[in-house]
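Work through these exercises with the model open beside you. Try each task before you read its solution.

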Amino acid sequence: MFFTRTHRCQLAIQKEDLKNRLIGRHVKIHDLDFEVFEDEDQSLIIEPHTEQIEAIKTLPTTEVKLTAAGDKTNVVIISKMRTLDSGGPQLIVIFCAFLFIISVVLMVTSREAILSYIFAGLGVVIFSAFFIRMQTGYFDYVRKVRSYVTNKGEVPAQAASMQALGI
């Protein structure tokens with residue numbers, strides 16, 4: 001809900017070639033192994049292997065939908081937070097929202113502005129720390145998985161020039 005990211009792109013490679021480049025591969029991101037496999041609805045799933053980690057991490061599950069468009073492939077990459085991991089971040093966002101609501105209500109109804117500023121400042125500090133942590137953790141995984149998929153779909157420069165010449 002809050003943490004779902006969708007990326008659309010078109011790659012200059014055929015759908016089956018891209019599938020063959022991705023399926024069964026393992027991606028290592030920050031010493032964590034992600035595996036690519038095909039789902040029953042013909043989309044690709046990229047899931048982390050979390051059996052070996054003992055630290056608490058918020059990790060994405062990524063679905064890659066491929067659609068053939070002639071010699072190119074339309075790719076939709078949807079990264080969602082695992083259901084197991086979603087509780088903590090959602091609670092932090094809701095808590096920060098309550099802090100902001102309380103500060104606005106206190107500002108409107110009370111003559112004591114200092115208490116309102118304290119609640120607003122506390123909300124900003126907590127949300128800022130949370131935002132930085134999510135950018136260096138969860139969203140970094142999302143960016144790196146997206147980059148991996150798009151890099152696998154790139155045609156090497158020599159092959160692209162030969163393809164453009166019709167060789």
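**Exercise 1.** In which sense do strand 2 and strand 3 pair, and over how many bridges?

*Solution.* Keep in mind that this is a predicted model. Strand 2 and strand 3 pair in the antiparallel sense, over 4 bridges. Take one partner pair: Ile 29 is bridged to Leu 32 in strand 3. Now look at the link. The two strands form a hairpin with 2 residues between them. In that turn, His 30 has a positive phi of about 50 degrees.

**Exercise 2.** Sort the residues of strand 2 into a covered face and an uncovered one.

*Solution.* Start with the rule. In a regular strand, side chains alternate between the two faces of the sheet. Then read off the faces. Val 27 and Ile 29 lie on the covered face. His 26 and Lys 28 lie on the uncovered face.

**Exercise 3.** Which residues touch the most other members of the largest nonpolar core?

*Solution.* This core has 20 residues. Leu 18, Leu 22, Phe 34, Ile 46, Val 64, Val 75 and Val 149 touch the most other members. Next, find the main supplier. Helix 4 gives the largest share, 4 residues. Finally, zoom in on Ile 46. Its contacts beyond four places in sequence include Phe 34, Val 64, Val 145 and Val 149.

**Exercise 4.** How are helix 3 and helix 4 oriented to each other?

*Solution.* First, take the angle: helix 3 and helix 4 pack at about 30 degrees. Next, apply the cut-off: angles under 35 degrees count as roughly parallel. The two helices are therefore roughly parallel. Last, list the contact. Helix 3 brings Met 134, Gln 135 and Thr 136. Helix 4 brings Tyr 138, Phe 139, Asp 140 and Arg 143.

Technical notes
Residues are numbered from 1 along each chain as its sequence is written. This is a predicted model: local features need pLDDT of at least 70, side-chain atom pairs count only at pLDDT 80 or more; totals for chains, interfaces and linings use all residues. Side-chain values use heavy atoms; hydrogens and water are left out. A nonpolar core is a set of buried Ala, Val, Leu, Ile, Met, Phe, Trp, Tyr and Cys residues joined through side-chain atoms within 4.5 Å. Buried means under 20% relative accessible area, exposed over 50%, partly exposed in between (1.4 Å probe, protein chains only). Contact means heavy atoms within 4.5 Å. Two strands pair if DSSP finds at least two bridges between them. Axes are lines fitted to C-alpha atoms, for helices over the stretch in contact, and angles run from 0 to 180 degrees between N-to-C directions. Angles under 35 degrees count as roughly parallel, over 145 as roughly antiparallel, 65 to 115 as roughly perpendicular and the rest as oblique.
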